[in-house]
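I opened this notebook to record what I looked up in a two-chain model. The entries follow the order in which I consulted it.

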Amino acid sequence: MTAADPWATRDAGTIAVGDALDPLIVDVDATRIVAGAIASRDFMPAHHDRGFANTQGAPDIFMNILSDTAYCSRFLTDWAGPEAMVTRLAIRLGVPVFPGHTLTYTGEVTGLRREGNDVAVEIAFRAAGDIGDHVTGTAEVRLPN
Amino acid sequence: MSDDEQTLDERLAGLIGKPVGSRAVTVAPDPVNVPMIRHWAAAFEDHNPVYTDEAFAEASRFGGIVAPPLMLQTWTMATPMITGIAARGGSPVAMEGEAPLAVLDRAGYTATLATNSEFEIDRYLRPGDVVSASTAFETISEEKNTRMGKGRFVTWVTTYTDQDGEVVGRQRFRILKFNPSGAGS
């Protein structure tokens, strides 16, 4: 990838186990949480109505799980490039994320193997928030060989 | 009550393979389409051009616009009935009959915590694809001591298929149903 072409797909031949992915930082506010919930068609009021969230024991609205998987896939393909295919994503949910928090996604390559005409890249990652890990997980993306 | 006639474990074993919701199959109300993809991409600031840039997508290995892979779950989300949503506890639509997991609530596991969401993506969806989802219980664990209290992990699998009945992806979703009165014990 070069600065001149931000949408070049990463060359699978240059990837090694232990490589770090480019971090993704997401500043979370109420607008971001509501936009993600509605775009993913999740109308649970805990993701847009603070009064309702309070009745559920939460101090504020919190990010929905479909937004979590969305940001994970963005983190993966921002690094791997547009011709990467996300073929597996497995997340474990940690502490919630509320408006005012910052999420920092980091990850590293844990495995590489050939899969037909592609290279399958295995990745372990986490999204750390203000009060602990919000998401930890593993994924596989496939790149043209 | 049949609760008295069968042990809890027998009742839970009877749920395995059964639908999680009131319907066995949910068909997406709309086919995969560019306006919803564009809305999603904007919300998550995901500027990957294969989702929204026709010329780029055509020149890519996909040969045309594809939907973001983790949008898979979005296509079959219930169209909400906004009126009364809070009164229904946040459920977008009214449940028909009793929820299958009510048996766990009656056994004291009244609280719910989502713990895992796992996707396998077999192929990327394209505009025009019509997604169906069928969801069934896969496993219900024995009682475990967790930091939330005593609980059971419940896993269900959603299989997503296209208009030809071909599987396009799967999702495993796991929750902990726990007894909130026993936290920390």
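The entries below go from conventions and confidence to each chain, the contact between the chains, and selected strands and helices.

**Entry 1. Conventions and confidence.**
I work with a predicted model, in which local features need pLDDT of at least 70, side-chain atom pairs count only at pLDDT 80 or more, and totals for chains, interfaces and linings use all residues. Residues are numbered from 1 along each chain as its sequence is written, while chains are lettered from A and ligands numbered from 1 in the order in which they are written. I noted the scores of the model as ipTM 0.96 and pTM 0.94. For chain B I found a mean pLDDT of 93, with 95% of its residues at 70 or more; pLDDT is the predictor's confidence in each residue, from 0 to 100. I kept one caution in mind: where pLDDT is low, the predicted coordinates should not be read in detail.

**Entry 2. Chain A as a whole.**
I counted elements as DSSP runs, numbered from the N terminus, with helices being H or I of at least four residues and strands being E of at least two. Chain A has 3 helices and 5 strands, in the order β-α-α-α-β-β-β-β along the sequence. Its C-alpha trace spans about 50 × 25 × 25 Å along the principal axes. Of the 145 residues in chain A, 45% are buried. A residue is buried if 20 or more other C-beta atoms lie within 10 Å of its own, exposed if 12 or fewer, and partly exposed in between, with C-beta atoms placed from the backbone. I then took the contacts in chain A with a separation of 6 or more, and residues 24 or more positions apart account for 66% of them. Two residues are in contact if their C-beta atoms, placed from the backbone, lie within 7 Å.

**Entry 3. Chain B as a whole.**
Chain B has 6 helices and 6 strands. From the N terminus on, its elements run α-α-β-α-α-α-α-β-β-β-β-β. The C-alpha atoms of chain B fill a box of roughly 60 × 35 × 35 Å, taken along the principal axes. I found 30% of its 185 residues buried. Among contacts in chain B between residues at least 6 apart in sequence, 68% join residues at least 24 apart.

Which element gives the most to the side of chain A that touches chain B? I first noted that the contact takes 32 residues from chain A and 30 residues from chain B. On the side of chain A, the elements giving two or more residues are α1, α3 (65–80) and β2. β2(A) gives the most, with 9 residues. This side of chain A divides into 20 nonpolar, 6 polar and 6 charged residues. Here Ala, Val, Leu, Ile, Met, Phe, Trp, Tyr, Cys and Pro count as nonpolar, Asp, Glu, Lys and Arg as charged, and the others, Gly among them, as polar.

**Entry 4. Strand β2 of chain A.**
I used the rule that two strands pair if DSSP finds at least two bridges between them. β2(A) (residues 85–93) pairs with β5(A) (residues 132–144) in the antiparallel sense over 8 bridges, and Met85(A) has Arg142(A) as its bridge partner there. β2(A) also pairs with β2(B) (residues 111–121), antiparallel over 5 bridges.

**Entry 5. Strand β5 of chain B.**
How many bridges join β5(B) to β6(B)? I found 11, and β5(B) and β6(B) (residues 167–178) run antiparallel. Val157(B) has Arg172(B) as its bridge partner in β6(B). The hairpin of β5(B) and β6(B) has 5 residues between the strands, and Gly165(B) takes a positive phi near 85 degrees in it. β5(B) (residues 149–161) pairs with β3(B) (residues 132–140) in the antiparallel sense over 8 bridges, with Thr139(B) opposite Thr155(B). β4(B) (residues 144–146) is joined to β5(B) by 3 bridges, again antiparallel, and Lys144(B) stands opposite Gly151(B). A hairpin through 2 residues joins β4(B) to β5(B).

**Entry 6. Helix α3 of chain B.**
In α3(B) (residues 34–43), I found Ile37(B), Trp40(B) and Ala41(B) buried. They lie on the same side of α3(B) because they cover an arc of only 100 degrees around the axis, the arc being that of the directions from the helix axis to the C-beta atoms. The buried residues of α3(B) pack against α1 (30–39) of chain A together with α4 (49–52) of chain B. Just after α3(B), Glu45(B) takes a positive phi of about 50 degrees.
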